[in-house]
Amino acid sequence: MKSPELQQLKEIIQKRKSEILELNDCVAATLSSVNRSNGNKTNGPYDVLIYSENGKKKCKYIKPQYKPFWETKIQNYKRLKELFANWMMLEMKYTQLEFDFQISTKENTMTTSTETINKTRKKQLRQDANYIHIMKYMGSKRELLPDIKEFAKKLLPKGGTILDIFAGTCSVGAYLKNDFTVYSNDIQAYSKVLAGALICSSNHKEPLIFGKMISSLEKYYEKNLKTLEDLFPITLKTSNDFIKIKKDSWTNQQRKEYISFCESFPGPLNNFTSNSKELKQLKEEYFKRASKNDLFPYIQTTFLFSETYFSFHQAMQLDSLRYAIEQTFKTETEKNIALAALMYAHSYCSSGTGHFAMFRDLKTISSAQDVFIYRGKDVFEFFSNKLRELVEFCDFNKKTKHQAISSNYIDLIKSQTMDTVDLVYADPPYSFVHYSRFYHATESLIRYDYNIPEHKGRYRTDRHQSPFCQKQNVEEAFKILIEACARSSCHILLSYADTGMINMERILELLKQNKFSVSIKEINYDHSTMGRSGHKTNKIKEYLIAGKVRDN
Ligand SMILES: C[S@@+](CC[C@H](N)C(=O)[O-])C[C@H]1O[C@@H](n2cnc3c(N)ncnc32)[C@H](O)[C@@H]1O
(Lines give C-alpha, C1' and ligand atoms only; values in the text may rest on other atoms or scores of the structure.)
Protein backbone atom coordinates (compact mmCIF):
# COMPACT_ATOMS: atom_id res chain seq x y z
CA MET A 1 0.00 0.00 0.00
CA LYS A 2 1.62 3.22 -1.11
CA SER A 3 -0.62 6.17 -0.54
CA PRO A 4 -0.77 7.67 2.99
CA GLU A 5 -4.49 7.85 2.63
CA LEU A 6 -4.78 4.14 2.09
CA GLN A 7 -2.27 3.40 4.82
CA GLN A 8 -4.38 5.44 7.21
CA LEU A 9 -7.46 3.59 6.10
CA LYS A 10 -5.77 0.26 6.73
CA GLU A 11 -4.92 1.33 10.26
CA ILE A 12 -8.48 2.38 10.92
CA ILE A 13 -9.74 -0.94 9.71
CA GLN A 14 -7.23 -2.86 11.77
CA LYS A 15 -8.21 -0.94 14.88
CA ARG A 16 -11.73 -2.14 14.29
CA LYS A 17 -10.44 -5.71 14.19
CA SER A 18 -11.93 -6.28 10.79
CA GLU A 19 -10.93 -8.83 8.27
CA ILE A 20 -8.76 -7.16 5.72
CA LEU A 21 -7.89 -8.01 2.25
CA GLU A 22 -5.41 -6.39 -0.10
CA LEU A 23 -5.48 -6.95 -3.80
CA ASN A 24 -3.52 -5.37 -6.64
CA ASP A 25 -5.62 -2.34 -6.95
CA CYS A 26 -7.76 -2.09 -3.88
CA VAL A 27 -8.12 -2.87 -0.29
CA ALA A 28 -11.34 -4.30 1.02
CA ALA A 29 -12.38 -5.05 4.53
CA THR A 30 -15.39 -6.35 6.27
CA LEU A 31 -16.43 -4.15 9.11
CA SER A 32 -17.00 -6.18 12.21
CA SER A 33 -19.23 -3.64 13.76
CA VAL A 34 -21.36 -1.26 11.80
CA ASN A 35 -24.29 0.95 12.49
CA ARG A 36 -27.46 -0.20 10.85
CA SER A 37 -29.83 2.37 9.54
CA ASN A 38 -32.16 1.68 12.47
CA GLY A 39 -29.39 2.75 14.87
CA ASN A 40 -28.57 -0.73 16.22
CA LYS A 41 -25.04 -1.98 16.12
CA THR A 42 -24.54 -5.28 14.51
CA ASN A 43 -21.68 -7.71 14.22
CA GLY A 44 -20.58 -8.15 10.65
CA PRO A 45 -19.32 -9.20 8.36
CA TYR A 46 -22.21 -7.45 6.69
CA ASP A 47 -20.52 -4.68 4.94
CA VAL A 48 -17.46 -4.04 2.90
CA LEU A 49 -15.18 -1.12 2.49
CA ILE A 50 -13.14 -0.76 -0.65
CA TYR A 51 -10.40 1.69 -1.54
CA SER A 52 -8.59 1.83 -4.80
CA GLU A 53 -4.84 2.30 -4.81
CA ASN A 54 -4.71 4.50 -7.88
CA GLY A 55 -7.73 6.71 -7.35
CA LYS A 56 -8.62 9.59 -5.11
CA LYS A 57 -11.32 9.19 -2.51
CA LYS A 58 -13.16 5.91 -2.88
CA CYS A 59 -15.63 3.52 -1.46
CA LYS A 60 -18.33 3.44 1.24
CA TYR A 61 -20.98 0.89 2.00
CA ILE A 62 -22.52 -1.09 -0.77
CA LYS A 63 -26.19 -1.37 -1.52
CA PRO A 64 -27.36 -4.71 -2.91
CA GLN A 65 -28.44 -3.21 -6.19
CA TYR A 66 -24.90 -2.03 -6.85
CA LYS A 67 -23.38 -5.47 -6.52
CA PRO A 68 -23.39 -6.14 -10.24
CA PHE A 69 -21.56 -2.85 -10.84
CA TRP A 70 -18.66 -3.56 -8.63
CA GLU A 71 -18.52 -7.19 -9.69
CA THR A 72 -17.24 -5.91 -12.97
CA LYS A 73 -15.33 -2.98 -11.56
CA ILE A 74 -13.00 -4.72 -9.19
CA GLN A 75 -10.10 -6.69 -10.49
CA ASN A 76 -9.83 -10.17 -9.10
CA TYR A 77 -13.44 -10.10 -8.21
CA LYS A 78 -13.52 -13.88 -8.11
CA ARG A 79 -10.91 -13.94 -5.37
CA LEU A 80 -12.65 -11.23 -3.47
CA LYS A 81 -15.86 -13.18 -3.72
CA GLU A 82 -14.26 -16.33 -2.32
CA LEU A 83 -12.84 -14.47 0.62
CA PHE A 84 -16.04 -12.67 1.30
CA ALA A 85 -18.30 -15.61 0.63
CA ASN A 86 -19.84 -15.23 4.02
CA TRP A 87 -20.65 -11.64 3.45
CA MET A 88 -21.96 -12.26 -0.01
CA MET A 89 -24.71 -14.45 1.40
CA LEU A 90 -26.16 -11.69 3.48
CA GLU A 91 -28.60 -9.03 2.51
CA MET A 92 -27.14 -5.57 2.38
CA LYS A 93 -29.09 -2.86 4.07
CA TYR A 94 -26.90 0.17 3.81
CA THR A 95 -27.59 3.19 1.80
CA GLN A 96 -24.43 5.17 1.25
CA LEU A 97 -22.35 4.67 -1.82
CA GLU A 98 -19.87 6.73 -3.73
CA PHE A 99 -18.11 4.69 -6.33
CA ASP A 100 -15.46 6.09 -8.54
CA PHE A 101 -13.49 3.30 -10.08
CA GLN A 102 -11.80 2.87 -13.36
CA ILE A 103 -10.83 -0.73 -13.37
CA SER A 104 -10.82 -3.30 -16.10
CA THR A 105 -11.44 -6.99 -16.00
CA LYS A 106 -10.59 -9.46 -18.72
CA GLU A 107 -14.19 -9.77 -19.67
CA ASN A 108 -15.44 -6.21 -19.76
CA THR A 109 -13.93 -2.80 -19.97
CA MET A 110 -15.68 -0.78 -17.42
CA THR A 111 -15.48 2.95 -17.13
CA THR A 112 -17.48 4.32 -14.31
CA SER A 113 -17.21 7.68 -12.75
CA THR A 114 -19.34 9.97 -10.73
CA GLU A 115 -19.77 13.42 -12.06
CA THR A 116 -22.06 16.10 -10.81
CA ILE A 117 -23.66 18.13 -13.54
CA ASN A 118 -23.10 21.66 -12.40
CA LYS A 119 -23.80 25.13 -13.55
CA THR A 120 -20.54 25.48 -15.47
CA ARG A 121 -21.46 22.44 -17.51
CA LYS A 122 -24.86 23.92 -18.32
CA LYS A 123 -23.23 27.18 -19.37
CA GLN A 124 -20.72 25.39 -21.60
CA LEU A 125 -23.48 23.48 -23.33
CA ARG A 126 -25.31 26.67 -24.17
CA GLN A 127 -22.25 27.77 -26.12
CA ASP A 128 -21.95 24.46 -27.95
CA ALA A 129 -22.96 24.75 -31.61
CA ASN A 130 -24.56 21.30 -31.55
CA TYR A 131 -26.88 22.21 -28.71
CA ILE A 132 -30.33 23.73 -28.97
CA HIS A 133 -33.15 23.78 -26.48
CA ILE A 134 -36.82 23.81 -27.42
CA MET A 135 -39.06 22.88 -24.56
CA LYS A 136 -39.17 22.11 -20.86
CA TYR A 137 -39.40 18.32 -20.82
CA MET A 138 -39.50 15.83 -18.04
CA GLY A 139 -36.46 13.55 -18.21
CA SER A 140 -34.80 15.53 -21.00
CA LYS A 141 -31.18 14.48 -21.41
CA ARG A 142 -29.98 17.87 -22.58
CA GLU A 143 -27.47 18.23 -19.76
CA LEU A 144 -26.02 14.77 -20.30
CA LEU A 145 -25.31 15.20 -23.99
CA PRO A 146 -21.49 15.16 -23.82
CA ASP A 147 -21.60 11.91 -21.80
CA ILE A 148 -23.95 10.33 -24.30
CA LYS A 149 -21.76 11.38 -27.21
CA GLU A 150 -18.64 10.05 -25.46
CA PHE A 151 -20.26 6.64 -24.96
CA ALA A 152 -21.72 6.53 -28.45
CA LYS A 153 -18.27 7.24 -29.91
CA LYS A 154 -16.77 4.43 -27.84
CA LEU A 155 -19.32 2.02 -29.19
CA LEU A 156 -19.23 3.29 -32.75
CA PRO A 157 -15.78 4.79 -33.28
CA LYS A 158 -16.22 5.23 -37.02
CA GLY A 159 -19.71 6.72 -37.09
CA GLY A 160 -22.70 4.65 -38.17
CA THR A 161 -26.44 4.77 -37.59
CA ILE A 162 -27.99 5.51 -34.21
CA LEU A 163 -31.67 4.98 -33.51
CA ASP A 164 -32.84 7.31 -30.72
CA ILE A 165 -35.89 5.19 -29.99
CA PHE A 166 -37.53 7.37 -27.29
CA ALA A 167 -36.44 10.74 -28.65
CA GLY A 168 -38.78 13.17 -26.79
CA THR A 169 -37.36 16.62 -27.51
CA CYS A 170 -34.73 15.17 -29.90
CA SER A 171 -31.96 16.87 -27.95
CA VAL A 172 -29.79 13.75 -28.30
CA GLY A 173 -30.29 13.30 -32.03
CA ALA A 174 -29.66 16.97 -32.69
CA TYR A 175 -26.40 16.77 -30.71
CA LEU A 176 -25.20 13.64 -32.51
CA LYS A 177 -26.36 14.42 -36.03
CA ASN A 178 -22.98 15.62 -37.29
CA ASP A 179 -21.17 12.50 -36.07
CA PHE A 180 -23.68 9.80 -36.94
CA THR A 181 -26.71 9.10 -39.09
CA VAL A 182 -29.63 9.57 -36.70
CA TYR A 183 -33.03 7.88 -36.81
CA SER A 184 -35.25 9.66 -34.33
CA ASN A 185 -38.39 7.98 -33.03
CA ASP A 186 -41.06 8.69 -30.43
CA ILE A 187 -44.71 7.78 -30.13
CA GLN A 188 -45.70 11.44 -29.67
CA ALA A 189 -46.38 13.37 -32.89
CA TYR A 190 -44.63 16.52 -31.62
CA SER A 191 -41.35 14.62 -31.37
CA LYS A 192 -41.43 13.77 -35.07
CA VAL A 193 -41.90 17.47 -35.86
CA LEU A 194 -38.90 18.30 -33.68
CA ALA A 195 -36.83 15.61 -35.41
CA GLY A 196 -37.85 17.09 -38.75
CA ALA A 197 -36.74 20.52 -37.61
CA LEU A 198 -33.58 19.77 -35.62
CA ILE A 199 -32.19 16.74 -37.42
CA CYS A 200 -33.67 16.08 -40.87
CA SER A 201 -33.69 19.76 -41.91
CA SER A 202 -30.10 19.22 -43.08
CA ASN A 203 -31.55 17.64 -46.22
CA HIS A 204 -33.46 20.78 -47.15
CA LYS A 205 -31.86 22.13 -50.30
CA GLU A 206 -32.45 25.87 -50.05
CA PRO A 207 -31.11 27.63 -46.94
CA LEU A 208 -33.96 29.26 -45.02
CA ILE A 209 -33.92 32.97 -44.29
CA PHE A 210 -35.39 34.11 -41.00
CA GLY A 211 -36.55 37.57 -42.15
CA LYS A 212 -38.31 36.12 -45.15
CA MET A 213 -40.06 33.48 -43.05
CA ILE A 214 -41.34 36.01 -40.51
CA SER A 215 -42.51 38.56 -43.03
CA SER A 216 -44.36 35.98 -45.08
CA LEU A 217 -46.28 34.58 -42.13
CA GLU A 218 -47.11 37.91 -40.47
CA LYS A 219 -50.11 38.74 -42.65
CA TYR A 220 -51.81 35.40 -41.89
CA TYR A 221 -51.05 35.79 -38.22
CA GLU A 222 -52.63 39.25 -38.14
CA LYS A 223 -55.65 38.04 -40.11
CA ASN A 224 -56.50 35.23 -37.65
CA LEU A 225 -55.74 37.35 -34.58
CA LYS A 226 -57.84 40.29 -35.74
CA THR A 227 -60.79 37.99 -36.49
CA LEU A 228 -60.62 36.46 -33.01
CA GLU A 229 -60.27 39.88 -31.34
CA ASP A 230 -63.39 41.05 -33.21
CA LEU A 231 -65.34 37.94 -32.27
CA PHE A 232 -64.62 38.11 -28.53
CA PRO A 233 -63.91 41.78 -27.57
CA ILE A 234 -65.53 41.81 -24.11
CA THR A 235 -63.87 38.59 -22.94
CA LEU A 236 -60.54 39.82 -24.26
CA LYS A 237 -60.83 43.14 -22.43
CA THR A 238 -61.73 41.44 -19.13
CA SER A 239 -58.78 39.08 -19.47
CA ASN A 240 -56.38 41.91 -20.35
CA ASP A 241 -57.56 44.01 -17.39
CA PHE A 242 -56.39 41.27 -15.02
CA ILE A 243 -52.99 41.27 -16.72
CA LYS A 244 -52.71 45.02 -16.07
CA ILE A 245 -52.80 44.49 -12.28
CA LYS A 246 -49.31 45.20 -10.93
CA LYS A 247 -47.60 42.26 -9.25
CA ASP A 248 -47.75 43.60 -5.69
CA SER A 249 -51.23 45.06 -5.89
CA TRP A 250 -53.13 41.78 -6.21
CA THR A 251 -55.85 41.58 -3.53
CA ASN A 252 -57.88 38.61 -2.41
CA GLN A 253 -60.95 40.19 -3.94
CA GLN A 254 -59.27 40.42 -7.35
CA ARG A 255 -58.05 36.84 -7.03
CA LYS A 256 -61.65 35.66 -6.38
CA GLU A 257 -62.96 37.72 -9.31
CA TYR A 258 -60.35 36.19 -11.55
CA ILE A 259 -61.27 32.66 -10.42
CA SER A 260 -64.93 33.25 -11.25
CA PHE A 261 -63.92 34.69 -14.65
CA CYS A 262 -61.95 31.49 -15.34
CA GLU A 263 -64.86 29.34 -14.21
CA SER A 264 -67.25 31.11 -16.56
CA PHE A 265 -65.39 29.62 -19.57
CA PRO A 266 -67.00 26.68 -21.33
CA GLY A 267 -65.11 23.40 -21.21
CA PRO A 268 -65.63 20.49 -23.56
CA LEU A 269 -67.61 18.63 -20.90
CA ASN A 270 -68.81 21.11 -18.28
CA ASN A 271 -72.37 22.37 -17.89
CA PHE A 272 -71.90 25.76 -19.40
CA THR A 273 -74.13 28.26 -17.62
CA SER A 274 -72.59 31.65 -18.43
CA ASN A 275 -74.81 34.28 -20.07
CA SER A 276 -71.92 35.48 -22.19
CA LYS A 277 -72.84 35.35 -25.88
CA GLU A 278 -69.17 35.41 -26.78
CA LEU A 279 -68.33 32.37 -24.72
CA LYS A 280 -71.35 30.50 -26.06
CA GLN A 281 -70.13 31.22 -29.56
CA LEU A 282 -66.63 30.08 -28.67
CA LYS A 283 -68.00 26.69 -27.69
CA GLU A 284 -70.15 26.38 -30.81
CA GLU A 285 -67.25 27.30 -33.08
CA TYR A 286 -65.04 24.67 -31.43
CA PHE A 287 -67.53 21.85 -31.94
CA LYS A 288 -68.05 22.85 -35.58
CA ARG A 289 -64.37 22.27 -36.13
CA ALA A 290 -64.32 18.82 -34.50
CA SER A 291 -65.38 17.45 -37.87
CA LYS A 292 -63.66 20.06 -40.06
CA ASN A 293 -60.41 21.21 -38.56
CA ASP A 294 -59.29 23.68 -41.23
CA LEU A 295 -62.10 26.21 -40.77
CA PHE A 296 -61.04 29.84 -40.41
CA PRO A 297 -60.28 31.25 -37.84
CA TYR A 298 -58.18 28.77 -35.89
CA ILE A 299 -59.45 28.65 -32.28
CA GLN A 300 -58.41 25.34 -30.69
CA THR A 301 -56.13 26.71 -27.93
CA THR A 302 -58.45 29.67 -27.30
CA PHE A 303 -61.23 27.25 -26.43
CA LEU A 304 -59.24 24.51 -24.66
CA PHE A 305 -56.64 26.39 -22.65
CA SER A 306 -57.58 30.07 -22.20
CA GLU A 307 -57.21 31.19 -18.59
CA THR A 308 -55.75 27.83 -17.61
CA TYR A 309 -52.22 27.73 -19.03
CA PHE A 310 -52.53 30.90 -21.12
CA SER A 311 -54.31 34.24 -21.08
CA PHE A 312 -57.11 34.69 -23.62
CA HIS A 313 -54.81 36.80 -25.80
CA GLN A 314 -51.87 34.38 -25.59
CA ALA A 315 -54.14 31.51 -26.62
CA MET A 316 -55.34 33.59 -29.61
CA GLN A 317 -51.72 34.31 -30.52
CA LEU A 318 -50.87 30.60 -30.44
CA ASP A 319 -53.84 29.77 -32.67
CA SER A 320 -53.00 32.60 -35.04
CA LEU A 321 -49.39 31.46 -35.39
CA ARG A 322 -50.60 27.90 -35.95
CA TYR A 323 -52.87 29.18 -38.72
CA ALA A 324 -50.11 31.29 -40.24
CA ILE A 325 -47.67 28.36 -40.30
CA GLU A 326 -50.21 26.17 -42.05
CA GLN A 327 -50.96 28.85 -44.67
CA THR A 328 -47.44 30.11 -45.29
CA PHE A 329 -45.06 27.19 -45.49
CA LYS A 330 -45.31 24.63 -48.20
CA THR A 331 -42.27 22.43 -47.47
CA GLU A 332 -42.12 20.02 -44.51
CA THR A 333 -38.85 21.49 -43.27
CA GLU A 334 -40.10 25.08 -43.13
CA LYS A 335 -43.25 23.92 -41.40
CA ASN A 336 -41.35 21.78 -38.88
CA ILE A 337 -38.93 24.55 -38.02
CA ALA A 338 -41.75 27.05 -37.51
CA LEU A 339 -43.71 24.53 -35.43
CA ALA A 340 -40.63 23.87 -33.28
CA ALA A 341 -40.43 27.62 -32.59
CA LEU A 342 -44.12 27.58 -31.73
CA MET A 343 -43.59 24.69 -29.29
CA TYR A 344 -40.94 26.78 -27.57
CA ALA A 345 -43.34 29.71 -27.18
CA HIS A 346 -46.06 27.32 -25.97
CA SER A 347 -43.73 25.81 -23.36
CA TYR A 348 -42.23 29.06 -22.08
CA CYS A 349 -45.33 31.28 -22.05
CA SER A 350 -47.40 28.67 -20.22
CA SER A 351 -48.01 29.32 -16.55
CA GLY A 352 -47.85 25.58 -15.90
CA THR A 353 -44.86 24.07 -14.21
CA GLY A 354 -43.19 22.82 -17.37
CA HIS A 355 -45.83 20.27 -18.30
CA PHE A 356 -49.57 20.19 -18.82
CA ALA A 357 -50.72 17.58 -16.31
CA MET A 358 -52.82 20.11 -14.40
CA PHE A 359 -53.17 23.87 -14.45
CA ARG A 360 -52.28 25.71 -11.33
CA ASP A 361 -54.86 26.55 -8.73
CA LEU A 362 -55.04 30.12 -7.52
CA LYS A 363 -55.45 29.45 -3.82
CA THR A 364 -53.20 32.25 -2.66
CA ILE A 365 -52.28 35.74 -3.75
CA SER A 366 -48.72 34.63 -4.37
CA SER A 367 -49.85 31.86 -6.75
CA ALA A 368 -51.94 34.43 -8.65
CA GLN A 369 -48.92 36.75 -8.79
CA ASP A 370 -46.75 33.97 -10.16
CA VAL A 371 -49.28 32.84 -12.76
CA PHE A 372 -49.56 36.42 -14.02
CA ILE A 373 -45.82 36.67 -14.63
CA TYR A 374 -46.47 34.19 -17.45
CA ARG A 375 -49.73 35.73 -18.63
CA GLY A 376 -47.79 38.86 -19.54
CA LYS A 377 -45.40 37.12 -21.94
CA ASP A 378 -45.69 37.91 -25.62
CA VAL A 379 -46.10 34.67 -27.59
CA PHE A 380 -45.10 36.23 -30.91
CA GLU A 381 -41.83 37.52 -29.47
CA PHE A 382 -40.93 34.11 -27.99
CA PHE A 383 -41.81 32.49 -31.30
CA SER A 384 -39.80 34.82 -33.47
CA ASN A 385 -36.69 34.74 -31.23
CA LYS A 386 -36.63 30.94 -31.35
CA LEU A 387 -37.29 30.86 -35.07
CA ARG A 388 -34.23 33.04 -35.63
CA GLU A 389 -32.12 30.71 -33.45
CA LEU A 390 -33.44 27.61 -35.20
CA VAL A 391 -32.68 28.91 -38.67
CA GLU A 392 -29.10 29.59 -37.52
CA PHE A 393 -28.81 26.18 -35.86
CA CYS A 394 -29.95 24.11 -38.85
CA ASP A 395 -27.49 23.18 -41.59
CA PHE A 396 -29.02 22.87 -44.99
CA ASN A 397 -28.23 21.00 -48.19
CA LYS A 398 -26.17 18.28 -46.54
CA LYS A 399 -27.56 15.11 -48.13
CA THR A 400 -27.79 13.05 -44.96
CA LYS A 401 -29.74 9.87 -44.27
CA HIS A 402 -31.35 11.06 -41.03
CA GLN A 403 -34.96 9.96 -40.44
CA ALA A 404 -37.86 11.20 -38.31
CA ILE A 405 -40.20 8.41 -37.20
CA SER A 406 -43.32 8.31 -35.05
CA SER A 407 -43.91 4.70 -34.01
CA ASN A 408 -44.56 2.62 -30.99
CA TYR A 409 -41.11 1.17 -30.19
CA ILE A 410 -42.62 -2.33 -30.20
CA ASP A 411 -43.51 -1.99 -33.88
CA LEU A 412 -40.29 -0.27 -34.82
CA ILE A 413 -37.99 -2.94 -33.41
CA LYS A 414 -39.81 -5.57 -35.46
CA SER A 415 -39.46 -3.55 -38.68
CA GLN A 416 -36.80 -3.54 -41.39
CA THR A 417 -35.51 -0.23 -40.03
CA MET A 418 -33.48 -2.27 -37.56
CA ASP A 419 -31.44 -3.79 -40.42
CA THR A 420 -29.60 -0.51 -40.92
CA VAL A 421 -29.19 0.46 -37.25
CA ASP A 422 -25.83 0.00 -35.49
CA LEU A 423 -26.72 1.38 -32.07
CA VAL A 424 -30.00 1.91 -30.27
CA TYR A 425 -30.01 4.77 -27.79
CA ALA A 426 -32.90 4.15 -25.41
CA ASP A 427 -34.08 6.69 -22.90
CA PRO A 428 -37.46 5.26 -21.87
CA PRO A 429 -39.73 6.86 -19.30
CA TYR A 430 -38.67 5.83 -15.82
CA SER A 431 -41.58 6.86 -13.69
CA PHE A 432 -45.25 5.97 -13.57
CA VAL A 433 -46.12 9.26 -15.26
CA HIS A 434 -47.24 8.96 -18.87
CA TYR A 435 -45.79 11.56 -21.25
CA SER A 436 -49.03 11.55 -23.22
CA ARG A 437 -50.79 13.00 -20.16
CA PHE A 438 -48.07 15.52 -19.33
CA TYR A 439 -47.69 16.84 -22.88
CA HIS A 440 -51.23 16.42 -24.27
CA ALA A 441 -51.49 20.16 -24.95
CA THR A 442 -48.27 20.07 -27.02
CA GLU A 443 -49.60 17.06 -28.89
CA SER A 444 -52.86 18.89 -29.62
CA LEU A 445 -51.00 22.02 -30.75
CA ILE A 446 -49.24 19.91 -33.37
CA ARG A 447 -52.09 17.61 -34.40
CA TYR A 448 -54.59 20.46 -34.26
CA ASP A 449 -57.54 18.11 -34.57
CA TYR A 450 -60.10 19.76 -32.26
CA ASN A 451 -60.26 16.58 -30.18
CA ILE A 452 -62.85 16.24 -27.43
CA PRO A 453 -60.73 15.81 -24.32
CA GLU A 454 -61.68 14.37 -20.94
CA HIS A 455 -61.18 15.15 -17.22
CA LYS A 456 -60.55 18.45 -15.55
CA GLY A 457 -57.03 18.50 -17.05
CA ARG A 458 -58.54 18.22 -20.59
CA TYR A 459 -56.42 15.26 -21.64
CA ARG A 460 -56.68 13.71 -25.06
CA THR A 461 -58.66 10.47 -24.98
CA ASP A 462 -56.24 8.76 -27.38
CA ARG A 463 -53.24 9.17 -25.08
CA HIS A 464 -50.69 6.35 -25.12
CA GLN A 465 -50.09 4.28 -21.98
CA SER A 466 -46.44 3.29 -22.00
CA PRO A 467 -45.44 -0.11 -20.58
CA PHE A 468 -42.31 1.58 -19.21
CA CYS A 469 -44.57 3.51 -16.82
CA GLN A 470 -46.34 0.39 -15.54
CA LYS A 471 -44.77 -1.67 -12.78
CA GLN A 472 -46.31 -4.90 -14.06
CA ASN A 473 -45.09 -4.38 -17.65
CA VAL A 474 -41.79 -2.56 -17.39
CA GLU A 475 -39.56 -5.63 -17.15
CA GLU A 476 -41.13 -7.23 -20.20
CA ALA A 477 -40.79 -3.90 -22.05
CA PHE A 478 -37.04 -3.86 -21.37
CA LYS A 479 -36.71 -7.54 -22.23
CA ILE A 480 -38.35 -7.03 -25.64
CA LEU A 481 -36.10 -4.07 -26.38
CA ILE A 482 -32.86 -5.73 -25.31
CA GLU A 483 -33.65 -8.99 -27.11
CA ALA A 484 -34.47 -7.09 -30.31
CA CYS A 485 -31.11 -5.31 -30.17
CA ALA A 486 -29.34 -8.62 -29.62
CA ARG A 487 -31.19 -10.20 -32.55
CA SER A 488 -30.22 -7.32 -34.84
CA SER A 489 -26.64 -7.25 -33.49
CA CYS A 490 -27.05 -3.60 -32.46
CA HIS A 491 -25.17 -2.08 -29.58
CA ILE A 492 -27.43 -0.56 -26.99
CA LEU A 493 -26.96 2.58 -24.93
CA LEU A 494 -29.50 2.99 -22.15
CA SER A 495 -30.26 5.99 -19.99
CA TYR A 496 -31.95 5.18 -16.72
CA ALA A 497 -32.16 6.56 -13.19
CA ASP A 498 -31.87 5.07 -9.74
CA THR A 499 -35.47 6.09 -9.14
CA GLY A 500 -36.69 3.97 -12.08
CA MET A 501 -39.55 1.48 -12.22
CA ILE A 502 -37.19 -1.50 -12.48
CA ASN A 503 -33.97 -1.93 -10.58
CA MET A 504 -30.62 -1.66 -12.23
CA GLU A 505 -29.62 -5.18 -11.29
CA ARG A 506 -32.41 -6.61 -13.44
CA ILE A 507 -31.49 -4.45 -16.43
CA LEU A 508 -27.88 -5.60 -16.17
CA GLU A 509 -28.97 -9.23 -15.92
CA LEU A 510 -31.04 -8.85 -19.07
CA LEU A 511 -28.08 -7.35 -20.91
CA LYS A 512 -25.79 -10.12 -19.75
CA GLN A 513 -28.29 -12.84 -20.63
CA ASN A 514 -28.31 -11.40 -24.14
CA LYS A 515 -24.50 -11.53 -24.26
CA PHE A 516 -23.82 -7.80 -24.21
CA SER A 517 -20.63 -6.67 -22.55
CA VAL A 518 -21.60 -3.88 -20.22
CA SER A 519 -20.12 -0.53 -19.18
CA ILE A 520 -21.77 1.97 -16.88
CA LYS A 521 -21.37 5.61 -16.11
CA GLU A 522 -22.99 6.98 -13.02
CA ILE A 523 -23.85 10.67 -13.00
CA ASN A 524 -25.13 12.65 -10.05
CA TYR A 525 -27.81 14.86 -11.42
CA ASP A 526 -30.17 17.49 -10.10
CA HIS A 527 -33.43 16.67 -11.80
CA SER A 528 -36.05 19.36 -12.13
CA THR A 529 -39.21 18.47 -10.21
CA MET A 530 -41.00 20.91 -12.52
CA GLY A 531 -42.38 22.73 -9.50
CA ARG A 532 -42.38 26.48 -9.03
CA SER A 533 -41.75 26.46 -5.31
CA GLY A 534 -40.26 24.29 -2.55
CA HIS A 535 -37.76 21.69 -3.79
CA LYS A 536 -37.20 22.60 -7.41
CA THR A 537 -34.78 19.75 -7.99
CA ASN A 538 -34.32 16.16 -6.88
CA LYS A 539 -30.87 14.71 -6.50
CA ILE A 540 -30.82 11.49 -8.43
CA LYS A 541 -28.29 9.24 -10.04
CA GLU A 542 -28.52 8.89 -13.78
CA TYR A 543 -26.92 5.85 -15.36
CA LEU A 544 -25.61 5.49 -18.85
CA ILE A 545 -25.41 1.79 -19.56
CA ALA A 546 -23.62 0.68 -22.68
CA GLY A 547 -24.21 -2.83 -23.97
CA LYS A 548 -21.63 -3.74 -26.58
CA VAL A 549 -22.37 -6.56 -28.95
CA ARG A 550 -19.59 -9.09 -28.55
CA ASP A 551 -17.63 -10.13 -31.62
CA ASN A 552 -18.18 -13.82 -32.27
C1 LIG B 1 -37.37 10.16 -20.94
S2 LIG B 1 -38.29 10.68 -22.34
C3 LIG B 1 -37.05 10.90 -23.54
C4 LIG B 1 -36.35 12.21 -23.38
C5 LIG B 1 -35.35 12.51 -24.48
N6 LIG B 1 -34.19 11.68 -24.43
C7 LIG B 1 -34.96 13.97 -24.42
O8 LIG B 1 -33.79 14.29 -24.15
O9 LIG B 1 -35.84 14.81 -24.65
C10 LIG B 1 -39.10 9.22 -22.82
C11 LIG B 1 -39.88 9.28 -24.14
O12 LIG B 1 -40.38 7.98 -24.44
C13 LIG B 1 -41.56 8.13 -25.23
N14 LIG B 1 -42.29 6.83 -25.21
C15 LIG B 1 -42.90 6.25 -24.17
N16 LIG B 1 -43.41 5.07 -24.54
C17 LIG B 1 -43.09 4.88 -25.85
C18 LIG B 1 -43.34 3.84 -26.80
N19 LIG B 1 -44.04 2.75 -26.45
N20 LIG B 1 -42.85 3.98 -28.04
C21 LIG B 1 -42.18 5.09 -28.41
N22 LIG B 1 -41.94 6.12 -27.55
C23 LIG B 1 -42.38 6.02 -26.29
C24 LIG B 1 -42.27 9.29 -24.54
O25 LIG B 1 -43.18 9.90 -25.41
C26 LIG B 1 -41.09 10.20 -24.13
O27 LIG B 1 -40.91 11.24 -25.06
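## Burial and the model

A residue counts as buried if 20 or more other C-beta atoms lie within 10 Å of its own, and as exposed if 12 or fewer do. Please keep in mind that this is a predicted model.

## Two residues with positive phi

Let's begin with Glu 307, which sits in the loop between α13 and α14 (312-328). Although Glu 307 is not a glycine, its phi is positive, at about 60 degrees. Is Glu 307 buried or exposed? Glu 307 has 24 C-beta neighbours inside 10 Å, so it counts as buried.

His 455 is another residue other than glycine with a positive phi, here near 70 degrees. You will find His 455 in the loop between α20 (440-447) and α21 (471-487). His 455 counts as exposed because it has 10 C-beta neighbours inside 10 Å.

## A cis peptide bond

Which two residues does a cis peptide bond join? They are Phe 296 and Pro 297, and omega is about -5 degrees for this bond. Pro 297 belongs to the loop between α12 (277-289) and α13 (300-305).

Conventions
Residues are numbered from 1 along each chain as its sequence is written. This is a predicted model: local features need pLDDT of at least 70, side-chain atom pairs count only at pLDDT 80 or more; totals for chains, interfaces and linings use all residues. Helices (H or I, at least four residues) and strands (E, at least two) are DSSP runs, numbered from the N terminus.
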